[in-house]
Amino acid sequence: MPDHPLYQQLDELAKAVDTIALADEAELAELRTQLLGRKSGKLTHILRGLRDLDSDARRDVGQRANRLKQQIEAAIAAREEALAVPRMTASDVDLSMAGRRQWQGAIHPVTAVVDEICDIFREIGFTRVTGPEAETEEYNFVKLNIPLDHPAADEHDTFFLDGQAKQPCGEWKAPGRLLLRTHTSPMQARTMERYQPPIRIVVPGQAYRRDPFDPSHSPAFEQIEGLVVDDGVSFVDFKAGIDFFVKRFFSPETEVRFRPSFFPFTEPSAEVDVQCQLCRGSGCSTCKQTGFLEIMGAGMVHPAVFERCGIDAERYTGYAFGMGPHRITMLRHGIPDIRMLYLNDMRFLGQFAL
Ligand code: PHE
């Protein structure tokens, strides 16, 4: 007999349950009488009506009414408890108290140095590009004039990856045996293959070597490669480019020193030293009393590299360099151990937050 008026009253009662959760103290007292009151409560009214029903309907309505009664009682008890919790008022809050700043994260000091270096080179016309970390022997060694049986190829102590690259690495084609690049120099070859001069690029990115993780080495480290190729680029342009960068990044007084060196892909090659930033050149333990610290390898691009990468070696000349932003960051901030830059300890990194 679901159309009996008692069912309608049950429905109304069910709707009232929801209003309990929003009631304030006075409303709650009111609701309690309205719903459960002995004399004229809605539930009482329904229970009284039971005697007019036949036995089946009586059982059904009776059960529903009892369930509702329990729900109402539980809702009232829950609301009472919620209202009993003391609420904060305006006078409980000291509005004049200084706010506490939330730590929002910041740029890692090495990332900041990478960005700063790339920005300095951008001022003199360099474009920032990136390339794949999973490289092939071809690009990491062969095209850079490093034959695979040359000691330089295993001097690098390479991490080889299993298998061959049959697919392009991202946007770059990469057929051949795969490895983790041991320097960012493969991007010299990739850029020259794709673009004709004039070329002026800087390439920041990770490189990998089988080195121990000790105060001055990490098996994964940042590098920034630089490459310039154009008509008539001379050794003077090379020195001037590097000198401009060092004076801009460190200070106008910082001295730069070029020491003869060897790389298969540059000729002549040099290692570039800058005046030690800690002792200002007078000699200390960081620079081993020499007053200078090495910051990059560099040189004039070897004609054999041009030939392997499709650039006319008779017409064009250029220079290249590769530096380590971790070392440069350590030098700038006087950080004694490279591992501090990998630990992600906020107490350490927080000091460099801008
Ligand atoms: N690729 C060299 C290294 O990782 C650095 C370098 C780059 C030297 C470009 C000369 C020219 O040690």
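This section describes the pockets, salt bridges, backbone geometry and a surface patch of a predicted model. Residues are numbered from 1 along each chain as its sequence is written, and side-chain values use heavy atoms, with hydrogens and water left out. Because the model is predicted, local features need pLDDT of at least 70 and side-chain atom pairs count only at pLDDT 80 or more, whereas totals for chains, interfaces and linings use all residues.

The largest pocket holds about 960 Å³ of space. A pocket is defined on a 1 Å grid over the protein atoms alone, as an open set of points with protein on both sides within 12 Å along at least five of seven lines; in contrast, a cavity is a set of points where a 1.4 Å probe fits but cannot get out, and lining residues have an atom within 4 Å of a point. Grid points are joined across faces, edges and corners, and the volume is the space filled by probe spheres set on the points. The lining of the largest pocket comprises 39 residues, of which Arg-209, Phe-221, Gln-223, Phe-263 and Glu-294 lie nearest its centre. Elements that give two or more residues to this lining are helix 7 (151-155), strand 6 (220-231), strand 7 (256-263), strand 8 (266-275), strand 9 (292-301), strand 10 (316-323) and helix 11 (325-333). Helices (H or I, at least four residues) and strands (E, at least two) are DSSP runs, numbered from the N terminus. Strand 9 gives the most to the lining of the largest pocket, with six residues. By residue class, the lining of the largest pocket divides into 15 nonpolar, 15 polar and nine charged residues; here Ala, Val, Leu, Ile, Met, Phe, Trp, Tyr, Cys and Pro count as nonpolar, Asp, Glu, Lys and Arg as charged, and the others, Gly among them, as polar.

The second largest pocket has a volume of about 530 Å³. Its lining is made of 21 residues, with Ser-216, Thr-286, Leu-293, Arg-327 and Met-330 nearest the centre. Strand 9 and helix 11 each supply at least two residues of the lining of the second largest pocket, which divides into twelve nonpolar, five polar and four charged residues.

The structure holds 17 salt bridges, each defined as a side-chain nitrogen of Lys or Arg within 4 Å of a carboxyl oxygen of Asp or Glu. Arg-248 and Glu-123 meet in one of these, at 2.5 Å from N to O. This pair links distant parts of the chain, with Arg-248 in helix 9 (residues 235-249) and Glu-123 in helix 5, 125 residues apart. Arg-248 is partly exposed, at 40% relative accessible area, and Glu-123 is likewise partly exposed, at 47%. Buried denotes under 20% relative accessible area, exposed over 50%, and partly exposed in between (1.4 Å probe, protein chains only).

A salt bridge is also formed by Glu-137 and Arg-177, with the closest N and O atoms 2.9 Å apart. Glu-137 lies in helix 6 (residues 137-140) and Arg-177 in strand 4 (residues 176-180), so this pair ties together parts that are 40 residues apart in sequence. Glu-137 is buried, with a relative accessible area of 15%, whereas Arg-177 is partly exposed, at 39%.

Between Arg-257 and Asp-273, the closest N and O atoms of the salt bridge are 3.1 Å apart. Because Arg-257 lies in strand 7 and Asp-273 in strand 8, the pair ties together parts that are 16 residues apart in sequence. Arg-257 is partly exposed, at 32% relative accessible area, while Asp-273 is buried, at 2%. Salt bridges that share partners join Arg-257, Arg-259, Glu-271 and Asp-273 into one network.

Most residues other than glycine have a negative phi, and most peptide bonds are trans. The peptide bond from Pro-197 to Pro-198 is cis, with omega near 5°; Pro-198 is placed in the loop between helix 8 (186-194) and strand 5 (199-208). The bond from Glu-267 to Pro-268 is also cis, with omega near -5°, and Pro-268 is found in strand 8. Gln-289 has a positive phi, near 65°, and is located in the loop between strand 8 and strand 9. Phi of Asn-344 is positive as well, near 55°, in the loop between helix 11 and helix 12 (346-349).
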